[in-house]
Amino acid sequence: MVGGGIIGCALAAFLAEDGMRVRLYERDEIAAGASGRNSGLLQHPMDEELTAVFAASEALYGELGHGFELPAEPIGVLVVSESEAALEPARADLAARFPELRAEALDPATLHEAEPALAEGLGAFLLDTGLPVPPAAATQAFAARARAAGAELLEGAAASPVVKGGRATGVRTSAGIDPAGAVVVAAGPWTSALVDPTGAWRPIGALWGVNVELRLAEPPRHSLEEAGIKDLPHATSGLDPLFSLVTRGGLSALGSTFLPEQPEPTEVAPALVERGTRFVPALAGTHVVSVRACARPMSTDGRPLLGPLPEVGGLFVAAGHGPWGISLGPGSARLVADAILGRTVVIPAELATARFGLSG
Ligand SMILES: Cc1cc2nc3c(=O)[nH]c(=O)nc-3n(C[C@H](O)[C@H](O)[C@H](O)COP(=O)(O)OP(=O)(O)OC[C@H]3O[C@@H](n4cnc5c(N)ncnc54)[C@H](O)[C@@H]3O)c2cc1C
């Protein structure tokens, strides 16, 4: 296993529990990437191809243990916009496609009562989803579960797949070659370069996000999200920041940027606070606890790459979850683990690694 984020750690746990000898290489430390620095919301992905993986993930979180606690009830996601007219088509679309989200338009009075922290004059609709968890909690719990099942998790240890005669035969590390019957690359945004060092195969790139952590005196009751995040994979231009605010245990994570290059978080933070103030005025002047940046592993079609790479025997990919990796990670990992274990498993064509052929 290459990569100790949510995907790699969940896979390591599932495979070790099924009797495989598992060694996970993490070049930094467990949850060093987005899996430890995200906004911490388990949320419906608003994509038909991903809803089954999300449902599976929720069930797997419910039985995760190892210090992980799944909140009993969703807090609700309020999708907000300064342009009220643009909201209704988006709400109606979600209501038709995902009735389980109970997308509900809120009139100004109801909105003010439901969420007094919001600025006047905004439009909003409410979605029945959103379970806040500490950013690194799920990954750390899966890492603990993997270790308990006998997996070896090596930190500070970079690795890359070794391919000979069209087959992955192990990984190369600073200590030499470690042979393996199968290699999984779950290295988030760095996956493409590890699978194909020539640079020709690039279905996954990095989209950097900055989060600002603050402690509001009266934090919002819901998770807040500016309309537009679900259109991210299809955005052809305008990677402007989108406002989001997720509160858990009194600490709010204010987001976020969508940048192709790694930003200096402290330089970006003031613009995020300024933008956030348009939605939640109390953000102005609130003491900033910390700022952090991390990279979303963004695939070119916005969906993860799961399962074997057909051109290379024994080489599996589990990456490309973009803004939804915490919400989808365990379900994705279960699918890939079952494929590695040789179980009858159908990875939907829309999520299969094979849709991005190495040769094409
Ligand atoms: C600002 C922000 C907020 C987000 N909020 C949410 C949210 O609220 N809810 C949600 O569902 N998702 C959220 N996400 C998305 C989510 O965090 C990611 O999709 C998810 O963490 C990706 O997990 P991963 O395991 O694929 O990759 P990563 O977490 O990136 O893990 C990959 C690991 O591979 C390691 N690695 C790389 N190269 C090597 C190598 N050669 N050898 C060994 N190890 C290597 C890296 O060090 C890293 O630890 C957010 C993302 C961002 C950026």
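A quick note on what you're looking at. This is a predicted model, in which local features need pLDDT of at least 70 and side-chain atom pairs count only at pLDDT 80 or more, while totals for chains, interfaces and linings use all residues. Residues are numbered from 1 along each chain as its sequence is written, and side-chain values use heavy atoms, with hydrogens and water left out.

A backbone N or O atom of Ser-327 sits 2.7 Å from a ligand oxygen. For Ile-7, a backbone N or O atom is 3.3 Å from an oxygen atom of the ligand. Taken alone, the ligand exposes 1,000 Å², and the protein buries 96% of that (Shrake-Rupley areas, 1.4 Å probe).

Who makes up the shell?

Now the aromatics. Rings of Phe, Tyr and Trp (its six-membered ring) pair if their centres lie within 6.5 Å; planes under 30 degrees apart are stacked, over 60 edge-to-face, and the rest tilted. That gives four aromatic pairs. One of them is Tyr-61 with Phe-68, stacked because the centres are 5.0 Å apart and the planes at 25 degrees. Both Tyr-61 and Phe-68 are buried, that is, under 20% relative accessible area, with exposed over 50% and partly exposed in between (1.4 Å probe, protein chains only). Another pair is Phe-243 and Phe-279, with centres 4.6 Å apart and planes at 0 degrees, so this one is stacked too. Phe-243 is buried at 1% relative accessible area, and Phe-279 is buried at 0%.

Finally, Phe-14, Tyr-61, Phe-68 and Phe-142 form one aromatic cluster. Arg-334 lies over the face of Phe-14, 4.8 Å from the ring centre; the rule asks for NZ of Lys or CZ of Arg within 6 Å of the ring centre and within 35 degrees of the ring normal. Arg-27 lies over the face of Trp-190, at 4.3 Å from the ring centre. Thanks, everyone!

Key. Polar contact = N/O pair within 3.5 Å; in protein donor to acceptor, adjacent residues only side chain to side chain.
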